[in-house]
Amino acid sequence: AIPGIEEVNMFKEDGTVIHFSAPKVQAAVASNTFIVSGHGDTKKLEELLPGILNQLGPDNLMNLKRIAEGFSSGAAAGKAAASSEGDDDIPDVGENFEDVSKS
């Protein structure tokens with residue numbers, strides 16, 4: 001067994017991660033074989049951020065881009081909802097303020 005391994009993460013093509021916390025890892029380096037044993041949980045990539053960033057490679061770039069777009073669109077929607085909540089007592093004046101004020 002290889003001592004001192006805190007976690008093992010296996011990245012799947014669908015953007016999920018098989019996460020092992022404190023696993024037992026054995027290696028047969030000559031045959032390029034590793035055995036990871038322990039309880040593995042399947043998690044979404046965003047659940048493991050930011051601690052997993054240093055383990056990501058170029059093949060995870062699209063997943064990170066998707067997560068970033070989700071955060072930015074969620075933040076924009078949150079700002080839009082917050083700005084529209086306080087505008088209930090302000091009338092919509094349209095294009096020309098003078099026309100609205102005469103009616």
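User: Which side chain makes a polar contact of 2.7 Å with the side chain of N9?

Analyst: This is a predicted model, in which local features need pLDDT of at least 70, side-chain atom pairs count only at pLDDT 80 or more, and totals for chains, interfaces and linings use all residues. Residues are numbered from 1 along each chain as its sequence is written, and side-chain values use heavy atoms, with hydrogens and water left out. A polar contact is a pair of N or O atoms within 3.5 Å, where within protein one must be able to donate a hydrogen and the other to accept it, and residues adjacent in sequence count only if both atoms are side-chain atoms. The side chain of N9 makes such a contact with the side chain of H19 at 2.5 Å, and the partner at 2.7 Å is Q55.

User: Is N9 buried or exposed, and what is its relative accessible area?

Analyst: N9 is found in strand β1, where helices (H or I, at least four residues) and strands (E, at least two) are DSSP runs numbered from the N terminus. Buried means under 20% relative accessible area, exposed over 50%, and partly exposed in between, with a 1.4 Å probe and protein chains only. N9 therefore counts as buried, since its relative accessible area is 14%.

User: How far apart are the C-alpha atoms of I52 and N9?

Analyst: I52 is found in the loop between α1 (45-48) and α2 (61-85), and it is buried, with a relative accessible area of 2%. Leaving aside neighbours within four places in sequence, I52 is in contact (heavy atoms within 4.5 Å) with N9, F11, V17 and L45. Although I52 and N9 are 43 residues apart along the chain, the separation of their C-alpha atoms is 8.6 Å.

User: Which residues form the largest nonpolar core?

Analyst: A nonpolar core is a set of buried Ala, Val, Leu, Ile, Met, Phe, Trp, Tyr and Cys residues joined through side-chain atoms within 4.5 Å. I52, buried at 2% relative accessible area, is one of the six residues in the largest such core. That core consists of V17, L45, L48, I52, L56 and I67.

User: With which side chain does the side chain of T16 make a polar contact?

Analyst: T16 is found in strand β2, residues 16-21, and is buried, with a relative accessible area of 17%. The polar contact of its side chain, at 2.6 Å, is with the side chain of D14.

User: Which peptide bond is cis, with omega near 0°?

Analyst: Most residues other than glycine have a negative phi, and most peptide bonds are trans. P50 is found in the loop between α1 and α2. The cis bond runs from L49 to P50.

User: What is the phi of A22 near?

Analyst: A22 lies in the loop between β2 and β3 (24-28), and at 60% relative accessibility it counts as exposed. N32, in the loop between β3 and β4 (33-37), is exposed as well, with a relative accessible area of 63%, and its phi is near 55°. For A22, a residue other than glycine, phi is positive and near 55°.

User: What pattern does the protein follow along the sequence?

Analyst: The protein has three helices and five strands. Read along the sequence, their pattern is β-β-β-β-β-α-α-α.
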